[in-house]
Amino acid sequence: MTLPRRSLFKAAVAAAALPTGALAAPVVARPESAAAGAPPPNGPRWGVGAEGQRKADLGNGLFRNPVVPGDHPDPTILKDGDDYYMTFSSFLSYPGLVIWHSTDLVNWAPVGPALHTYLGVIWAVDLVKHGDRYFIYIPADPKKEGWSIFVIWADDIRGPWSEPIDLNIHGCIDPGHIVGEDGRRYLFTNGIRKIRLTDDGLATDGTLEHAYAPWRYPDDWVVENFAPEGPKLLRRNDWFYLVTAVGGTAGPPTGHMVIAARSRSIHGPWEHCPHNPLVRTSDAAEPWWSRGHATLVEGPAGDWWMVYHGYENGLRTLGRQTLLEPIEWTDDGWFRALGGDLSQPLTAPRGGRAGPSTPALSDDFSRDRLGVQWAFHTEDPEAADRARYDGTGLLLRGQGSSPADSAPLLCVVGDPAYEAEIVLELEGEAEGGLVLFYNPRAFVGIGFTPTTLKTFQFSEELSWMRGANDRRRLRLKVRNIDNVVTWFTSSDEGASWVRNEMRMEVSGLHHNVFGGFLALRVGVYAAGEGRVRLTDFRYRALTGEG
């Protein structure tokens, strides 16, 4: 059984019946039935943020997950006095490792990217503070010679950050930092293995060794694979706690899970938590799938929380989103998760101060938002050189011949239903367009040259749909409602619109089909000889309160 998604496809059909150029009203999200795990038909949904984006904070002392919508996987969180900082896997997006800030664990806003040097694919990192210095431990493979763990550091979390230093911890990912009872620093990795660091945290001081054999789930559970990963450690009272993910980060909805162990010493022996698994999607009807990769964090008033990621039911295209769940410490020194399947609003952390959240995505390109909002996702370390702000827009130099080989400029979105539009102007013999892009093998979109209109589906041009064009400047729009996509073009700045005749269903453009652990992102491509000028990007969520 699958949880009924929002009935937004009906809204898409209704919107299609609007007169040409009409703008559809915001869609009200209402479940069609009270399925297991579904919210009450008239219960609160989300708060409303900038541009109608869904917002975790309901404004009444409650919140509803996700706390950071859209593709924000493998969260690593740091409590620093009254402030909280978080970053996520950035994969091939550069600038990368955007730092986010909060003062209440519910409302989050981006600060800026910490990584500007190309390291190849970036998987789950660990953000820590030791003394007065901040560190990010980064698994990467910049030369395609095998994984190693790097580190960058800063005296101010807002930067500047150092150049990456290779720790030469080969064949490892998912670092987790901890200070042992001996006062020495250690990194744990996938496996679950550990290695001692020097006191400055910038080199190793020992050899990699086995640390812990994780708890195993029953053999008949439907999971992806065992894959012990994401070790995050905490010292509380006289115990070290080791929180680990097992079951595989994607695959079946019931795979990923959170387990824990504890020890009096960083060197073990480790005792399995009797409550394992602490978090797991047990039924595909639940609103969040593949929940795992957790870190514990103390709230503003001394209560405790768990931050982890998960896929939204039926919306794997949005990527793994960041979730927040309360925990309680039990009398025997263990802890339990209290959020259930996260289908209902939860009481927000006490004592915090609400800050900015759900930043607006609309962009006039008057200031540099590379890394914070826009990023290239490519193996080309010089990709950022293609983009130049000139005060009136963003100029994107053409590359390749289509979205597949042009490395589009991409933007993460976190709403199940939205519209995005942009003005593109061609210079020289450039080709430009608007796309929904997962990777070069999985994208859809529309584009144009000085003489031709193009449509892309199945990651290739539908040549039989080519149309004539005599404009170098067009406004393009995409409407995505629960993975049903409609495209529009306008030659009069949006006063009227022409709908593309091909509607597309894109629910299959996700990791379980194409790999990569990514999301379907809004993007702009520039191909051919010349440049494309980007101006007036507008975003509007269509998910309403209901």
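What radius of gyration would a compact globule with 546 residues have, and what radius does the chain have? The radius of gyration, taken over C-alpha atoms, is compared with a globule rule of 2.2 Å times the number of residues to the power 0.38. A compact globule would have a value near 24 Å, and the chain has 23 Å, which agrees. The model is predicted: local features need pLDDT of at least 70 and side-chain atom pairs count only at pLDDT 80 or more, while totals for chains, interfaces and linings use all residues. Residues are numbered from 1 along each chain as its sequence is written, and side-chain values use heavy atoms, with hydrogens and water left out.

The C-alpha trace spans about 70 × 50 × 45 Å along its principal axes. The chain contains 2 helices and 42 strands, taken as DSSP runs (helices H or I, at least four residues; strands E, at least two) numbered from the N terminus. Buried residues (under 20% relative accessible area, 1.4 Å probe, protein chains only) make up 62% of the 546 residues. Of the contacts (heavy atoms within 4.5 Å) with a separation of 6 or more, 59% join residues 24 or more positions apart.

A nonpolar core is a set of buried Ala, Val, Leu, Ile, Met, Phe, Trp, Tyr and Cys residues joined through side-chain atoms within 4.5 Å. The largest such core has 48 residues, and Leu436, Trp487, Leu534 and Phe537 have the most contacts inside it. Elements giving two or more residues to this core include strands E32 (417-439), E38 (484-490) and E41 (521-541); E32 gives the most, with 9 residues. Another core, of 39 residues, lies apart from it and includes Phe63, Tyr84, Met86 and Tyr308.

Grid points are joined across faces, edges and corners, and a volume is the space filled by probe spheres set on the points. The count comes to 4 cavities of 30 Å³ or more. The largest cavity has a volume of about 650 Å³ and is lined by 44 residues, with Asp71, His72, Trp100, Val372 and Val412 nearest its centre.

The largest pocket has a volume of about 600 Å³. Its lining comprises 25 residues, of which Ile77, Leu78, Leu233, Leu234 and Leu296 lie nearest its centre.

Notes. 1 Å grid on protein atoms, 1.4 Å probe; cavity = no way out; pocket = protein on both sides within 12 Å on 5 of 7 lines; lining within 4 Å. Buried < 20%, exposed > 50% of the residue type's maximum accessible area, 1.4 Å probe, protein only.
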